[in-house]
Amino acid sequence: IDKKTFLQIINTLSDNIIANKEILNELDMAIGDADHGSNMARGFSEVKKKLESIKDLEFAIILKTIAMTLISTVGGASGPLYGTAFLKASGAVAGKETLEADDLICIYEAVITGIKQRGQSDKGHKTMLDAIIPAYEAFKSSIESGNDLNTAALKAVEAADEGVEYTKTIKAIKGRASFLGERSIGHADPGATSSYIIIKSIADVIKE
Ligand code: ADP
Ligand code: MG
Ligand code: MG
């Protein structure tokens, strides 16, 4: 992944989050406070505005700027969590000028560790991690079995999609939805869905 592709990924995922604002709000209406789409769309609109002025800087600086932008504009539980995710991603690519499959694995690992720490959460808690962790596992095992980046990115999308479906079957342990206990069962987690949108956007750009 070169700089141009990387910037395209950021643009595409921002556009897709913004386009899915209402869907994410509706998911959050069922088990939260109906603002996940608005929160995320606000953050990624800001990211898009900043991107032009930072596009020539190195990956790590771009990711760090995105992190800071999300932390200061998204709000809610997801703002600091996605902020942490991008900050950890930034740390994972320090000094890099292109990104290989192994770098993406490192990014996934840093992101997951960061969200777990920040959110005191894990797989099975009905959060964004239920999309991200399976996506990481599928991506890594696909790369390890010799597949190319495109194939591995598609495997990650499939696994994230299944992860979102899985969140419908479990009760929330973390976040606002946990206040509903058993009543959170039957609904997809909004944060897992926004993570799916991001993972899908990455694959869509890599395929081009
Ligand atoms: P809020 O709940 O404050 O309104 P959002 O609606 O923007 O924030 O985000 C809710 C999403 O954040 C949830 O769907 C879930 O995926 C994620 N989330 C909440 N708490 C945690 C946590 N402790 N760890 C990981 N993800 C979390
Ligand atoms: Mg909410
Ligand atoms: Mg809220």
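These legends describe close-up views of one predicted protein model with a ligand.

Residues are numbered from 1 along each chain as its sequence is written, while chains are lettered from A and ligands numbered from 1 in the order in which they are written. In this predicted model, local features need pLDDT of at least 70 and side-chain atom pairs count only at pLDDT 80 or more, whereas totals for chains, interfaces and linings use all residues.

View 1. Helices (H or I, at least four residues) and strands (E, at least two) are DSSP runs, numbered from the N terminus. Mean pLDDT (the predictor's confidence in each residue, from 0 to 100) is 97 for the protein chain. The model scores ipTM 0.98 and pTM 0.97.

**View 2. The shell around ligand 1.** The ligand is surrounded by 24 residues, each with its C-beta atom, placed from the backbone, within 6 Å of the molecule. Gly-76, Gly-119, Thr-127, Gly-175 and Gly-191 are the closest. Helices H3 (36-54), H5 (78-92), H6 (101-119) and H9 (190-207) each give two or more residues. H9 gives the most, with three. The shell divides into seven nonpolar, eleven polar and six charged residues. Here Ala, Val, Leu, Ile, Met, Phe, Trp, Tyr, Cys and Pro count as nonpolar, Asp, Glu, Lys and Arg as charged, and the others, Gly among them, as polar.

View 3. Ala-135 sits in helix H7 (residues 129-144). Ala-135 counts as buried because it has 29 C-beta neighbours inside 10 Å; the cut-off is 20 or more other C-beta atoms, placed from the backbone, within 10 Å. The core has 57 residues, which are buried Ala, Val, Leu, Ile, Met, Phe, Trp, Tyr and Cys joined through C-beta atoms within 7 Å. Ala-135, Phe-139, Ala-156 and Ile-199 touch the most other members. H7 supplies the largest share of this core, nine residues. Beyond four places in sequence, Ala-135 touches Ala-156, Ala-159, Ala-160, Gly-163 and Ile-199. Contact means C-beta atoms, placed from the backbone, within 7 Å. With the same exclusion, Phe-139 has contacts including Leu-104, Ile-105 and Tyr-108.

**View 4. Ser-195 on helix H9.** Ser-195 lies in helix H9. Ser-195 is buried, as 28 other C-beta atoms lie within 10 Å. Leaving aside neighbours within four places in sequence, Ser-195 contacts Met-128, Ala-131, Ile-132 and Ala-160.

How values were computed:
Buried ≥ 20, exposed ≤ 12 C-beta atoms within 10 Å, placed from the backbone. Contact = placed C-beta atoms within 7 Å.
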